[in-house]
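Have the model open while you read.

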Amino acid sequence: MTALTPDSARKFILDNTALMAPPHVPEVRLHLADEAHELWQRTEDELTEIGLPPPFWAFAWAGGQGLARYILDNPAAVRGRRVLDFASGSGLVAIAAVKAGAAEVIAADIEPFCATAIRLNAEANGTEIEFLAGDSIGSDAGWDVVLAGDVFYDKSFADGLMPWFARLRARGADILVGDPGRSYLPKTGLEPLAVYEVAVTRALEDAEVKRTTVWRLA
């Protein structure tokens with residue numbers, strides 16, 4: 001694999017994942033890595049030459065699982081509304097929003113593979129999701145709800161997120177965050193909505209279960 005194209009991305013995803021349900025969201029099926037550490041390491045080794053990042057799209061991270069669970073259990077949060085799933089990865093949360101009755105769902109991510117992964121996962125669940133490529137931080141297309149799972153893992157990234165989230169909240173958008181205790185989750189300005197014990201991959205999380213909270217920006 002020497003260059004990323006829709007066909008090569010599709011082949012790589014299908015060759016290195018299996019269609020399965022995340023433990024905490026059995027209603028959804030995703031193309032996920034069943035041998036997490038092996039795929040992570042092999043993908044890094046093989047794709048470094050063409051400048052692609054690790055395969056975040058191949059795993060159902062704890063924050064995303066918790067947020068998807070909350071949306072499915074509380075569909076009024078998105079029903080009939082325009083939703084942005086920020087840093088969508090596999091598209092898990094976006095798919096949950098569609099299933100919960102959102103009027104429109106846009107999945108945004110900067111990684112090139114995500115466009116193909118999300119399309120494959122949407123097809124597997126009989127859903128339609130629009131993909132927004134590139135950095136959406138600072139933009140505002142009038143979304144009613146912004147969903148963000150596992151986004152507070154990096155300080156500079158987190159510092160850039162909060163002013164954007166605050167502006168969206170100030171004009172009336174709901175900001176819902178799924179987080180399993182990432183290092184840079186803000187200490188203030190968030191109110192808890194639900195807490196889940198989410199099964200995860202020890203190879204990636206150093207645990208088998210992560211206590212995951214869904215928060216709303218106050």
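## Around D174

R169 has a relative accessibility of 26%, so it counts as partly exposed (buried is under 20% relative accessible area, exposed over 50%, partly exposed in between, with a 1.4 Å probe and protein chains only). Its side chain meets that of D174 in a salt bridge, at 4.0 Å from N to O; the term stands for a side-chain nitrogen of Lys or Arg within 4 Å of a carboxyl oxygen of Asp or Glu.

R81 and D174 also meet through their side chains in a salt bridge, 3.0 Å from N to O. R81 sits in the loop between α3 (62–73) and β3 (82–86) while D174 is in strand β7 (residues 174–179), so this pair ties together parts 93 residues apart in sequence. Helices (H or I, at least four residues) and strands (E, at least two) are DSSP runs, numbered from the N terminus.

R211 is exposed at 55% relative accessible area, and E197 is partly exposed at 44%.

E27, R69 and D73 are linked in a salt-bridge network. The structure holds 11 salt bridges.

## The whole chain

The chain has seven helices and nine strands, and 51% of its 218 residues count as buried.

## About the model

This is a predicted model: local features need pLDDT of at least 70, side-chain atom pairs count only at pLDDT 80 or more, and totals for chains, interfaces and linings use all residues. Residues are numbered from 1 along each chain as its sequence is written, and side-chain values use heavy atoms, leaving out hydrogens and water.
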